[in-house]
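Welcome, and thanks for taking a look at this one. Below is a short tour for someone meeting it for the first time.

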Amino acid sequence: MLLPAKAEVARQLRRYRAWERVMLASPGDRTVRATFEDAGYTLCVLMGKRCAREAAEAAERYLRSSAVSYLQEQNGHPRTTAVVHRGPPVTAAVDRRSPAGR
């Protein structure tokens, strides 16, 4: 997966947050709303999200983390690399009856 440059993500996130503040200050202004929605769409495209709020949260996580840990988080992998196996491996071919019960 290709990731955008962190500088570009930071720039677009600042733009989105700035227009968010302006839009909240004057919600009836159609030009402001359109520009805010455009900033949200750009962030969605950069971060691969469908919702501007999710894209903004993903951008913040991406800027706080390394690229590898961000990708692991996005793919649902845990941050730790230790794998714990408990108990013996289960195989289908093992006969579980004791020799005395045959």
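Here is a briefing that goes from the whole chain to one helix and then to a few side chains.

Please keep in mind that this is a predicted model. The protein has 4 helices and 0 strands, so in sequence order its pattern reads α-α-α-α.

**The whole protein**
- Of the 102 residues in the protein, 22% are buried.
- The accessible surface is about 7800 Å², and carbon and sulfur atoms contribute 56% of that surface.
- Among contacts with a separation of 6 or more, 49% are between residues 24 or more positions apart.

**A closer look at helix α1**
- Helix α1 covers residues 6-25.
- With 20 residues at 1.5 Å a residue, α1 should span 28 Å, and its end C-alpha atoms are 29 Å apart, which agrees.
- Which residues of α1 are buried? They are Val9, Ala10, Gln12, Leu13, Tyr16 and Met23.

**Gln12, one of the buried residues**
- Gln12 belongs to helix α1.
- Is Gln12 buried or exposed? Its relative accessibility is 6%, and because buried means under 20%, Gln12 counts as buried.
- Which residues does Gln12 contact, leaving aside neighbours within four places in sequence? The partners are Thr42, Leu43 and Leu46.

**Aromatic rings**
- A search of the whole structure turns up 1 aromatic pair.
- That pair is Tyr16 and Phe36: their ring centres are 5.2 Å apart and their planes meet at 25°, so the pair is stacked, the cut-off for stacking being under 30 degrees.
- The pair joins distant parts of the chain, with Tyr16 in helix α1 and Phe36 in helix α2 (residues 30-47), 20 residues apart.
- Both Tyr16 and Phe36 are buried.
- Another ring, that of Tyr62, has Lys6 over its face, 5.1 Å from the ring centre.

Definitions and conventions
Residues numbered from 1 in each chain as written. Predicted model: local features only at pLDDT ≥ 70, side-chain atom pairs only at ≥ 80, totals over all residues. Heavy atoms only, no water. Helix = DSSP H or I, 4+ residues; strand = E, 2+ residues; numbered from the N terminus. Buried < 20%, exposed > 50% of the residue type's maximum accessible area, 1.4 Å probe, protein only. Contact = heavy atoms within 4.5 Å. Areas by Shrake-Rupley, 256 points an atom, 1.4 Å probe, with all protein chains shown as cover. Phe/Tyr/Trp six-rings, centres within 6.5 Å; stacked < 30°, edge-to-face > 60°. Lys NZ or Arg CZ within 6 Å of the ring centre and 35° of its normal. Expected span 1.5 Å × (residues − 1).
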